[in-house]
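The sequence and structure are shown first.

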Amino acid sequence: MRDFDDFATAATQPLLRLGWLLTGDAEQAQDLAQQTLIRTYGAWHRVRHDDALSYARRVMVNLHTDWLRRRPWREQARAEVPDTGAHDGGHGAVEDRAALVAALQSLTRRERAAIVLRYYVDLSEQQTAQTLGVSVGTVKSVCSRALAKLRTSPALRGEHPFVRTAQGEHA
């Protein structure tokens, strides 16, 4: 299964980033990425190798949904982002990242997944719909509602270049 080893090596970082954006927690992102690779490995004989990352993203979104459903009612998502030790180079990247994650955590699971897949992973509406298992119209309406929430999010007040409308204007 050398081809899976190559895939896992190449896909680990993108899956960790996606997991972090979905959960807002580095440790949960690692767990989510690991479980995603385990599930993908189990289905490797069915996976189209030219589209394996898309398959893995779908697995990750589904796993994240399952985790949220099983989470005890008293457990709450954290609003703060742990310091990852990244150097911001004096440009506020750490603050921007913290604000983005805080704003993403205010969205519903479906809204967060749609926004992350559509605008961070840069999937088309069709690819996002396929990954989430919904229609293109649902992706459009969910993204529209989520972007409206992000535009008014207290976490994103000020100059944050990562919140843009579909036309590329600052939100």
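Phe 4 and Trp 44 are both buried. The model is a predicted one.

**Aromatic rings**

Searching the whole structure gives 4 aromatic pairs. A pair of aromatic rings is described by the distance of the centres and the angle of the planes. Two of the pairs are set out below.

| Pair | Centre to centre | Angle between planes | Type |
|---|---|---|---|
| Phe 4 and Tyr 41 | 5.0 Å | 65° | edge-to-face |
| Phe 4 and Trp 44 | 5.0 Å | 80° | edge-to-face |

Tyr 41 is partly exposed, at 44% relative accessibility.

The pair of Phe 4 and Trp 44 also links distant parts of the chain, 40 residues apart. Here Phe 4 is again in helix α1, while Trp 44 sits in the loop between α2 and α3 (52–70). Ring pairs join Phe 4, Phe 7, Tyr 41 and Trp 44 into a cluster.

**Helices α5 and α6**

How do helix α5 and helix α6 pack, and at what angle? Helix α5 (residues 109–120) packs against helix α6 (residues 125–132) at an angle of about 140°, and their axes are 9 Å apart. The angle makes α5 oblique to α6. The crossing of α5 past α6 is right-handed.

On the α5 side, the contact is made by Ala 113, Ala 114, Leu 117 and Arg 118. Glu 125, Thr 128, Thr 131 and Leu 132 make the contact from α6. Of the residues in this contact, 4 are nonpolar, 2 polar and 2 charged.

Methods
Residues are numbered from 1 along each chain as its sequence is written. This is a predicted model: local features need pLDDT of at least 70, side-chain atom pairs count only at pLDDT 80 or more; totals for chains, interfaces and linings use all residues. Side-chain values use heavy atoms; hydrogens and water are left out. Axes are lines fitted to C-alpha atoms, for helices over the stretch in contact, and angles run from 0 to 180 degrees between N-to-C directions. Helices (H or I, at least four residues) and strands (E, at least two) are DSSP runs, numbered from the N terminus. Angles under 35 degrees count as roughly parallel, over 145 as roughly antiparallel, 65 to 115 as roughly perpendicular and the rest as oblique. A crossing is left-handed if the near helix is turned anticlockwise from the far one by less than a right angle, and right-handed if clockwise. Contact means heavy atoms within 4.5 Å. Ala, Val, Leu, Ile, Met, Phe, Trp, Tyr, Cys and Pro count as nonpolar, Asp, Glu, Lys and Arg as charged, and the others, Gly among them, as polar. Rings of Phe, Tyr and Trp (its six-membered ring) pair if their centres lie within 6.5 Å; planes under 30 degrees apart count as stacked, over 60 as edge-to-face and the rest as tilted. Buried means under 20% relative accessible area, exposed over 50%, partly exposed in between (1.4 Å probe, protein chains only).
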